[in-house]
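Here's a quick tour to read with the model open beside you. Take a look around first, then come back for the details.

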Amino acid sequence: MATTPIAVDRAEKFEKVVGILDRFARRPSGLIPILQAIQHEYLYLPEEVLTYVATALDVPPARVFGVATFYAHFALEPKGKHVIRICDGTACHVKQSLPVLNALREKLGTTEKSKTTPDMLFTVETVACLGACGLAPVIVIDEQVYGQVTPERAVALVDEIKAMEASPTTATASEQPSGEECHE
Amino acid sequence: MNNTEAFSTTEKGTGISTHAQVRRVIICAGTGCMANGAMKVYEQFKREMTGSGLRVILELRAEAAGDEVRLSKSGCQGFCQMGPLVSVVPDGILYTKVRSEDVADIVQQTLAGGEVVERLLYKDPSTRKSCRGLEDNPFYALQNRLVLSECGFLDPEDIHEYMLHGGYRAARKAFVEMSPEEICKTITDSGLRGRGGGGFPTGRKWDAARVQNSAKKYIICNGDEGDPGAFMNRSVMEGNPHSVIEGMMIAARAIGANEMLVYVRAEYPLAVQRMRNAVADAEREGILGKNVFGTGLAVKCEVMEGAGAFVCGEETAMIASIEGQRGMPRPKPPFPAQSGLWGKPTIINNVETLAHISRILNVGPDVFKSIGTKDSPGTKTFALTGHVANTGLVEVPFGTPLREIVYNIGGGVTDDAGKIWKNGFKAVQIGGPSGGCLTEDHLDLPLAYESLRSVGAMVGSGGLVAMNQGTCMVSIARFFMEFTQRESCGKCVLCREGTRQLLALLDDVIEGRADAGTLDLLEKLGHAVQIGSLCGLGKTAPNPVLSTMRYFRKEYEEHVFEKRCRTGRCKPLLSPEINQVKCKGCGLCIKACPTGAITGEKKQPHHINPELCIKCGACATACKIHAVEGI
């Protein structure tokens, strides 16, 4: 029976999980770094991978799920291609980060419960504090920090990404909208 | 201020004199400046300087000639709002908000011509005076930067530079010349207290672990700075990672540990990377490893990323997290110093605490103690944010009054648009979700552990959020309560359920459902949660509510009894009305209203039906003559 491309993809990725497990010597104490590495690979923690990890570490699946659901960093559902994180730390909050969040949610039609757009292009989420309080309010789009953001500017940034996604000839999908940069 | 002389970088090391004379262009590469394009500025400098005929060096070298200019990056210089920052030393010039377009002018006018580019200087918002450098800039001149001084000067990715400025000398002394008892005694004598919030004397903590009879002991650096609105630890890890590692090494020597671990918040990718690089560099230089300073003692260091749980800032929860468990605290005793990671004696110190250690060994406990107050010696960094003109990282001696920080260093309170608001001060929230609010009456209170505790606040990790008159204190209390409710690990019933109920009660206040009993219940439940919780998170979670109720009781009462929020922030309490005199009956508001709540004949004053109104404010935005009031 011929394997479908998706199945091949899966198998390859499970191979990566095995590699990650080996890197941490399959020690249950390394569970958090293991899950972090897996999430880095998959962008979220698929259920079947979690059960696989539990078996490999010889711990109950409940323990793995317990840890995966305890920490805010772990996502059990796939995220959109572009992740927009709005800082809702104290400094950003008093400098009106909520209107920015509301504008983005309205623009993309996401809510607190369903954070990702149906086309899997955007995920809008809040984060407790990014530690860039001097620039409040701050949003991060795909690891790039934008400071002193207004609702209008946030929406404009989304428009730029949308435009880029719509015209594959002008830019590669991974490229960032213009403006400030903070790559290292 | 004289005491700081003893701490200054020039005094610490040897062989620095030639480098002190080399002209340097330092570009701040902290998170804030990088978000504003500091790396573009750095690249532009590289291009412009090479093209200008200047002798440019990018790497630190043993020999330096007088006519060279060194281009380097630094950690966070603290003045994040004005970034990207570029300083030229020894000229003593600080340029703010530098764009790559400005680089050519700096190279030609300042580096080649020796002149100042006036337009890039910082202007004091209250006096409109240009400030040339750190000395005449009130934001910096009024600080006492000990931990932060090197953050804005050293290249955080260059271990040699750190060593050239006296780095790892204290660690060497600790390993080669001092006994563990002597180290603990020196730290105890200095009076250093934990900078993470609790304020426990560091020397005594170390001593408790030192006397434990165990072949295996651990040192953990707590870099899980979860307090929203604080970024002191982030800046130190990013700006001077070696000072943290050196502090940990001295702690390791003091208690006899051979494994160290840095636990960094996952939201701080740059700090993680810089700490990892610093550890790798220290290993390469043989500072960390199997034979530290030729003593035959082994010390290794790992960096672990947190996974996003505020409660992990608590010692026992952090240990659980490192062991691969859910980060839930456990009862103390046994204290981690007796039985911590994997049941072995463990010392967990905050980043800032550790960054003080090498200095104390270098200058002695008496010099350290000469700054600050008797019970709270030394300096403390604060993240000054919110409605002040100058936001950023400040370091002042303990005992400094709040007024000095908000008005002199911070440049005064601003409105939402960032303009100075003369009588706009309302409160300062200190200590984050565990802390409390300070009011106008507290402006002259010296900031120290005990004085803050006496007014229901705490130093905490050092978040200082200034708030203007336009801020609703009930909403602020709700903001913190929502945070602690979300972050409660769920182990203690009173914390898990109590914070949820406190949040619901605050919602009642904000949404107009509260009555006299609500305020009573808030207070009672708040005290119950404090008593009935195991760890610091629950014990302090009601603080923001209780302290705002204590100092802004009237505002709570207005919400409850008059169903009114004086700042207009609490939407459900708004009652928009159309001013019948002003209204010209143009109909714009009728078109804008999404619920059809507005009616009225053309050219006749319109009305809002409060039953249909959802208080969205669309009418007020649409009205050109501002006839919609109360929203």
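Where is B:P334 found? B:P334 sits in the loop between α14 and β11 of chain B; helices (H or I, at least four residues) and strands (E, at least two) are DSSP runs, numbered from the N terminus. Keep in mind that this is a predicted model, where local features need pLDDT of at least 70 and side-chain atom pairs count only at pLDDT 80 or more, while totals for chains, interfaces and linings use all residues. Residues are numbered from 1 along each chain as its sequence is written, chains are lettered from A and ligands numbered from 1 in the order in which they are written, and side-chain values use heavy atoms, with hydrogens and water left out.

- Most residues other than glycine have a negative phi, and most peptide bonds are trans.
- B:P333 belongs to the loop between α14 (315-322) and β11 (346-350) of chain B.
- B:Y168 isn't a glycine, yet its phi is positive, about 65 degrees. You'll find B:Y168 in the loop between α7 (159-164) and α8 (169-176) of chain B.
- With a relative accessible area of 3%, B:Y168 is buried (buried means under 20% relative accessible area, exposed over 50%, partly exposed in between, with a 1.4 Å probe and protein chains only).
- B:H626 has a positive phi too, near 55 degrees, and is a residue other than glycine. B:H626 lies in the loop between α26 (618-622) and β20 (628-629) of chain B, and at 57% relative accessibility B:H626 counts as exposed.

**Chain A at a glance**

- Chain A has seven helices and four strands, and along the sequence they run α-α-α-α-β-α-α-β-β-β-α.
- Of the 184 residues in chain A, 48% are buried.
- Take the contacts in chain A with a separation of 6 or more: 62% of them come from residues 24 or more positions apart (contact means heavy atoms within 4.5 Å).
- Helix α4 (residues 61-70) of chain A has the buried residues A:V64, A:G66, A:V67, A:A68 and A:F70. The buried residues of α4(A) pack against α2 (31-42) and α3 (47-57) of chain A.

**Aromatic rings**

- Over all chains, the structure holds 13 aromatic pairs. Rings of Phe, Tyr and Trp (its six-membered ring) pair if their centres lie within 6.5 Å; planes under 30 degrees apart count as stacked, over 60 as edge-to-face and the rest as tilted.
- A:F14 and A:Y52 have ring centres 4.9 Å apart and planes at 75 degrees, so the pair is edge-to-face. A:F14 is in helix α1 (residues 5-23) of chain A and A:Y52 in helix α3 of chain A, so the pair ties together parts that are 38 residues apart in sequence.
- A:F14 counts as partly exposed at 21% relative accessibility, and A:Y52 is partly exposed with a relative accessible area of 32%.
- For B:F398 and B:Y449, the ring centres are 5.0 Å apart and the planes at 40 degrees, so this pair is tilted. Both B:F398 and B:Y449 are buried.
- Chain B also has an aromatic cluster formed by B:F79, B:Y122, B:F139 and B:Y140.

**Two helices side by side in chain B**

- Helix α21 (residues 516-532) and helix α24 (residues 553-561) of chain B pack at an angle of about 140 degrees, with axes 9 Å apart. Axes are lines fitted to C-alpha atoms, for helices over the stretch in contact, and angles run from 0 to 180 degrees between N-to-C directions.
- α21(B) and α24(B) are therefore oblique to each other (under 35 degrees counts as roughly parallel, over 145 as roughly antiparallel, 65 to 115 as roughly perpendicular and the rest as oblique).
- α21(B) brings B:A516, B:L519, B:L522 and B:E523 to the contact, and α24(B) brings B:R553, B:Y556, B:E557, B:V560 and B:F561.

**One buried threonine**

- B:T353 is found in helix α15 (residues 351-363) of chain B and is buried, with a relative accessible area of 1%.
- Leaving aside neighbours within four places in sequence, B:T353 is in contact with B:L192, B:R193, B:G194, B:R195, B:G196 and B:T202.
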